[in-house]
Amino acid sequence: MARRQLIAQSSLGRGDSNVSLSQTEEDNIRMESEGWSNGKSEREHLQQSGVESMDHHLVEFSETLRTVAKAMRRVAEGKAHAQEEAAEWKRKYELERQRNLLLEKRGQEQTDVEQPKEFLQQPEKGLLTPDQNGIFNRKHRIYSEEVLQRQPSKFDLGTSAESHTGKSLFTLSWGNANKNTRHKHDVVSFESGNITTAVRSSKQITLEWDSLPQSVIILTKPNSTSVRETCKDMVRWLKEEKKVNIFVEIRVKEELLEESQYFNFVQTWEKDEVLLLHTKVDLVITLGGDGTVLWAASMFKGPVPPVVPFSLGSLGFMTPFQSELFKERLQKVMAGPFSITLRHRLLCRIIRDESKDDRPIEEPILVLNDVSIDRGMSSFLTNLECYCDNSFVTCVQGDGLILSTTSGSTAYSLAAGGSMVHPEVPGILFTPICPHSLSFRPLILPEYVVLRVQVPYNSRGNAWASFDGKDRKQLNAGDALLCSMAPWPVPAACEVDSTHDFLRSVCEGLHWNLRKQQSFDGIREI
């Protein structure tokens with residue numbers, strides 16, 4: 001149209017007012033105009049096809065990323081499986097080595113304490129039956145010499161060493177201590193094709209001494225006047241009445257010597273001798289709260305002697321004994337038998353991303369309560385990939401995650417919404433901390449699983465792991481934390497039994513289900 005107007009105007013300017021455009025010129029103008037319109041539509045078509053091509057490439061790229069993520073997950077699961085298999089072979093190797101050492105030692109020299117003759121003379125009772133290798137098979141009881149080997153000590157027992165001939169032995173039996181009951185292995189019966197439970201797998205455990213305890217270690221809560229006074233009275237009573245060897249920490253020994261030189265008989269140990277304490281100490285006494293029990297458990301990197309916890313703290317979920325009655329309680333415990341609670345521990349290993357063959361390069365850590373993985377000082381959500389026996393479980397997005405024992409179910413896990421569990425129940429609590437999800441509920445997993453918590457490579461920040469509230473360690477992208485049930489529980493003495501002590505601690509410590517009773521208005525007449 002613009003070209004037609006220009007031609008018309010030029011014609012009028014020449015004075016040709018009656019002259020009109022010829023048919024040929026109009027056809028040319030129409031063809032040029034249509035060509036201009038076709039060029040515009042071609043440009044729009046090219047732009048639209050470019051957008052569609054870009055969307056197609058983005059879809060392909062997202063599919064590629066999803067494939068790569070699946071491949072990385074399969075690689076991580078394979079690495080977890082290889083690490084678990086290596087740990088299992090290492091455990092089997094250690095057991096075989098310990099067995100060979102025990103056989104060699106028994107073949108070269110006599111053990112410090114001979115086997116009870118009455119058991120050897122009565123094999124028909126099924127308590128001690130030697131096999132072809134001469135190893136006694138205890139069908140219904142667990143003896144302490146099966147767990148602890150008598151290794152030579154690096155430290156001297158002091159003035160009372162002449163009366164100390166070796167490790168005091170004890171026997172564990174399942175059932176009531178007053179009745180001659182034994183733990184049965186045939187817990188399941190499947191006669192006539194029907195599966196029935198013959199007996200329960202777990203019963204109250206009772207400890208009975210084969211020989212009286214002769215060495216005691218006392219661990220105390222620091223910076224407490226009442227604890228210091230109770231420790232002083234207890235040390236004097238144990239020495240004068242029980243004639244036992246007493247070990248204390250260096251700090252406690254200095255406090256006792258400042259009080260009087262009478263306490264010069266107490267003994268202590270060096271840092272490099274901690275690993276040998278369980279071979280010489282028969283009983284562990286704690287004076288404090290639950291934190292003192294945690295400290296006592298952390299000292300023993302392997303087997304733990306029986307622990308008698310006295311309450312001198314605040315809540316006291318693990319301390320059932322009152323310190324004012326320590327003479328009566330210790331008299332009963334040292335005479336035996338008494339009920340114990342096996343408080344399970346978690347064995348934690350950190351695997352760094354730079355480690356070779358997925359092997360831990362740091363020492364394993366034992367925890368009695370829980371291990372928590374949180375975001376630390378970072379403002380980003382914690383991103384944690386969780387695996388259970390090499391199977392992917394979930395990805396935790398929130399403030400963190402708590403892996404707890406049943407003994408620690410009344411600690412941090414309870415505050416995060418986890419359930420309270422009886423300490424004798426063997427299991428691992430899986431409790432998220434403030435998850436950014438409405439459907440993320442806590443779990444209770446069986447004790448035989450291996451949990452792997454890994455910081456993914458695409459995590460925005462690092463994570464931090466705390467073990468029983470201390471020993472805080474940083475987890476970078478690619479690092480993983482392995483948790484499994486440790487084979488060395490903490491045998492804690494009970495005032496009555498494990499169930500009674502647990503329920504009493506929950507009711508008294510947390511005021512569980514404390515409510516004012518509804519008033520009674522009398523029976524209504526119908």
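Let me start at Tyr457, which sits in the loop between strand S21 (451-454) and strand S22 (463-467). Strands here are DSSP runs of E with at least two residues, helices are runs of H or I with at least four, and both are numbered from the N terminus. This is a predicted model, where local features need pLDDT of at least 70 and side-chain atom pairs count only at pLDDT 80 or more, while totals for chains, interfaces and linings use all residues. Residues are numbered from 1 along each chain as its sequence is written, and side-chain values use heavy atoms, with hydrogens and water left out.

Back to Tyr457. Its relative accessibility is 45%, so Tyr457 counts as partly exposed; buried means under 20% relative accessible area, exposed over 50%, and partly exposed in between, with a 1.4 Å probe and protein chains only. Together with Val68 and Met72, Tyr457 makes a nonpolar surface patch of about 290 Å². Patch residues have over 30% relative accessible area and no salt bridge; nonpolar side chains (Val, Leu, Ile, Met, Phe, Trp, Tyr) are joined within 5 Å, like charges within 9 Å. A salt bridge puts a side-chain nitrogen of Lys or Arg within 4 Å of a carboxyl oxygen of Asp or Glu.

Now the whole protein. There are nine helices and 25 strands, and 41% of the 526 residues are buried. Of the contacts (heavy atoms within 4.5 Å) between residues at least 6 apart in sequence, 68% join residues at least 24 apart.

Next, helix H6, residues 290-299. Eight of its 10 residues are buried, among them Val293, Leu294 and Met299. What do the buried residues of H6 pack against? The partners are strands S8 (215-220), S10 (283-288), S11 (307-311), S23 (470-475) and S25 (490-493).

Last, the aromatic rings. Rings of Phe, Tyr and Trp (its six-membered ring) pair if their centres lie within 6.5 Å; planes under 30 degrees apart are stacked, over 60 edge-to-face, and the rest tilted. That rule gives eight aromatic pairs. One of them, Trp209 with Phe338, is tilted, at 6.5 Å centre to centre and 45 degrees between the planes. This pair links distant parts of the chain, with Trp209 in strand S7 (residues 205-209) and Phe338 in strand S13 (residues 338-343), 129 residues apart. Trp209 is buried at 9% relative accessible area, and Phe338 is buried at 4%. Tyr387 and Phe392 form an edge-to-face pair, 5.5 Å centre to centre and 70 degrees between the planes. Here Tyr387 is buried, at 1% relative accessibility, whereas Phe392 is partly exposed, at 27%. Finally, ring pairs link Tyr262, Phe263 and Phe265 into a cluster.

Notes. Areas by Shrake-Rupley, 256 points an atom, 1.4 Å probe, with all protein chains shown as cover.
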